[in-house]
Amino acid sequence: MEDTVIKIPLLALRGINILPDMIIHFDVKRKKSVNALEEAMTNEQLIFLVAQKDASDEEPTIDNLYNIGTISKIKQLIKLPGNIIRVLVEGLERGEIQNFISEDPYIMTEVRKMDTENSSISEEQEEALLRITFESLEEYSKVNPGYSTETIKNMLAIRDIGKLADSIAANINVSLEDKQLILGEADPARRLELTISILKREIELSKIKKDIQLQVKQKIDKNQKEYYLREQLKVIQNELGDKYGLGEEIDKYIKQLKKLKAPKKVKDKIEKEIERIKKIPSGSSEGVVVRNYIECLLELPWNHKTKESTDIAKGEEILDRDHYGLKKVKERVLEHLAVRKLSSKTDSPIICLIGPPGTGKTSIAKSIANALNRNYVRISLGGIRDEAEIRGHRRTYIGAMPGRIVNGLKQAGSSNPLMLFDEIDKMSSDFRGDPSAALLEVLDSEQNNKFRDHYIELPVNLSDVLFIATANSVQTIPKPLLDRLELIPVTSYTANEKMHIARRHLIIKQLEKHGLKEGQLTISKNALRKIIDSYTKEAGVRNLERKIGEICRKAAKEVLVNNKSTIKITEQNLEKYLGIPVYTFDMIADKSQVGVVRGLAWTSVGGDTLSIEVNTMKGSGKFELTGQLGDVMKESAKAGISYIRSKTKELGIEEEFYKKVDIHIHIPEGAVPKDGPSAGITMATAMISALTNKPVKNDVAMTGEITLRGRVLPIGGLKEKLLAAKRAGIKKVLIPKDNTKNISEIEKEITRGLEVVYVSNMDEVIKEAVILDESRA
Ligand code: ADP
């Protein structure tokens, strides 16, 4: 091709173009095209193929043709029926139209062959371009899995960058415009770059297309699945009819509503809710909420009462039958009930049984319910810190429920049960509201006939409920509640009382529970005493009951396995059933010592004795307190020192001891934290003994608060303290004179064998406890 400009007939292509080295065939019908072909065949068989800009144009003018096309060789012509000619051509090289010579009967042009050899890049650059192209091609084939691998393979074999670009343009699926761009680029390197960018764009497009296809597919799948399931559900529901559907449930509600004894307001509300539920699609979450609400309203004992027995004598009988002792408690309970019966006014205070755990508070409440023929329900308040626990959650709240009061009523199944508020002292309040305020409303007879639970929304009448509360200690009962309560103390049991309770109640109860008959197991008195003393340490009888239960369990096994008919538990074989004893007493010391004094303490599990030790050393007047002591105890030790300083002369202590002597007070066995002022005189006595080097009698114990002037003030928990003293083998106890009145309330059994000395000041304490004359020690 020596001439760079040649004269050549032009054939307009529709929708395609042809690149050099490409062989294609196409059909020709238009007159001008046929003429152009004929002219070409008379002359070297060369033809210039150019794409039309608009493929739909039947008679394209020269303006509607691209400027650049391909000089091609006609390889074959086949005449087909209908004046159609099928042409097979091979592209030879790029050409650019310079001139149109004529337009009729065919377009004749002057075309300049394009120079394609002047690429000026290094070999490395060429290599790099090749590699990038190959990578892109591979990626292209990956995202277009249907693409022929054979074609890709062929392309990967081409090392001429210009030809590679043409081959790619011819073989990948891109628009005519893109192909035309590649055709128009004469420089091989730039042409390949252009191809790469088109290739990359195609890859991106393919990926995006794939993603979208996937999303669309998933969506369609999901919709189809749901549709399918819904249709199935419809069929199932149709098949079953309304048998298990809503209709059945609504009928049940209507029946229940008819039977329900409740105020009209309540019935109307339930009816309204039933109407509402009919309109809610079954299975919707709203439906569940409404159903729960209806069921809750239907279950509440609105107007259903048990017939209350007001026979006080019979009540007394039942209380006596179920519980040993507790005389005072029973008396006050019966009085309270008598007053309630006589006065129609219901604002009498609420009974609150106060005492250590296991002393029968809960069980006496149950007995009272029994005696009055009221249903019994226990509501544990320990640990409650949220008002909603009492009053419930509003229905709008997810998982809303009625509060404990309404739940209690439901449980009781009558509107006049005995409701026991257990551990009323263990409630606390925080940011979620104060439960004690809500409880106050519950207990207030002025308001409690219209108690509002957030969940129920209707007023609930609690005026027929008999409330009883229990607590372990008064201190932690919320003040406003305390005003509404009539406190009835339930005190610790003596060892003897425990014996009686065990023999009359606990053993029988446990035998029955373990399926043993009376006579199959006997526990001797001494064994029982040992269980009480050495296996339990408590104010009540809960652990005692548990230990008896343990024996019953083992005995039941022996009866079954060893075929024994009777089992006798004695002091000797007790260890076989309960293991070695757990508790030993801190018995009185062998001899009197200097600086060691026995005090008496009250703890939540009953009374205890504590040995207070004082050491004095030469020093600079330092004062130290160790052991588990509370602040009140520390202050009362300081009060003792002040007292001693003011009495140095009378006591025979060096006047400036507080500058020259270090004092160390220690309270051993500090496992149970102790606090309170009642160890005041004990600590003072121990210090005086240590400072004067005079021993304190080992069989004396004492309790009492001390003032700066040495007066002795009264203390609490006297019964428990005396019990502890007796258990430890103490002979003489010093108690504040002002506690004299309390002694009369304490059973003779406790004070028997104990010398009780009333003291009003420290002089008397020292006189009774400290051995002033050394020769007597
Ligand atoms: P509290 O409520 O004071 O913690 P409980 O009422 O739970 O104590 O009593 C624990 C167990 O001891 C119960 O089985 C109870 O029947 C029994 N109990 C306590 N005191 C007596 C008593 N005086 N007579 C008979 N059984 C008693």
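This is a predicted model: local features need pLDDT of at least 70, side-chain atom pairs count only at pLDDT 80 or more; totals for chains, interfaces and linings use all residues.
From the backbone, an N or O atom of glycine 360 lies 3.2 Å from a ligand oxygen. The side chain of lysine 509 places an N or O atom 2.7 Å from an oxygen atom of the ligand. For glutamate 545, a polar side-chain atom is likewise 2.7 Å from a ligand oxygen. Taken alone, the ligand exposes 560 Å², and the protein buries 91% of that area.

Helix 12 spans residues 361–372 and includes alanine 365. The relative accessible area of alanine 365 is 0%, so this residue is classed as buried. Leaving aside residues up to four places away in sequence, alanine 365 touches Tyr376, Leu418, Leu420 and Ile468.

The salt bridges number 43 in the model. One of them pairs aspartate 21 with lysine 163, with 3.9 Å between the closest N and O atoms. Aspartate 21 is in the loop between strand 1 (5–13) and strand 2 (23–28), whereas lysine 163 is in helix 4 (residues 161–171); the pair therefore ties together parts that are 142 residues apart in sequence. Both partners fall in the partly exposed class, because the relative accessibility is 47% for aspartate 21 and 44% for lysine 163.

Helix 4 also contributes aspartate 166, whose side chain meets that of arginine 191 in a salt bridge with an N to O distance of 3.1 Å. Arginine 191 belongs to helix 6, so this pair links parts that are 25 residues apart in sequence. Arginine 191 and aspartate 166 are both buried.

A further salt bridge joins the side chains of arginine 391 and glutamate 441, at 2.6 Å from N to O. Arginine 391 lies in helix 13 (residues 387–391) and glutamate 441 in helix 15 (residues 435–443), so the bridge ties together parts that are 50 residues apart in sequence. Arginine 391 counts as buried because its relative accessible area is 11%. Glutamate 441, with a relative accessible area of 16%, is buried as well. Elsewhere, a network of salt bridges links Lys269, Glu273, Arg276, Arg395 and Glu457.

Helix 6, which holds arginine 191, covers residues 188–240 and also contains valine 216. Serine 206 is found in helix 6 too. With a relative accessibility of 12%, serine 206 is buried. Its contacts, not counting residues up to four places away in sequence, are with Val143 and Asn144. Valine 216, by contrast, is partly exposed, at 41% relative accessibility. Together with Ile208, Ile212 and Ile220, Val216 forms a nonpolar patch on the surface. The accessible area of these four residues together is about 340 Å².

Note on methods
Residues are numbered from 1 along each chain as its sequence is written. Side-chain values use heavy atoms; hydrogens and water are left out. Patches are made of residues with over 30% relative accessible area and no salt bridge: like charges are joined within 9 Å, nonpolar side chains (Val, Leu, Ile, Met, Phe, Trp, Tyr) within 5 Å. Accessible areas come from the Shrake-Rupley method with a 1.4 Å probe; for residues, only the protein chains shown count as cover. Helices (H or I, at least four residues) and strands (E, at least two) are DSSP runs, numbered from the N terminus. Buried means under 20% relative accessible area, exposed over 50%, partly exposed in between (1.4 Å probe, protein chains only). Contact means heavy atoms within 4.5 Å. A polar contact is a pair of N or O atoms within 3.5 Å; within protein, one must be able to donate a hydrogen and the other to accept it, and residues adjacent in sequence count only if both atoms are side-chain atoms.
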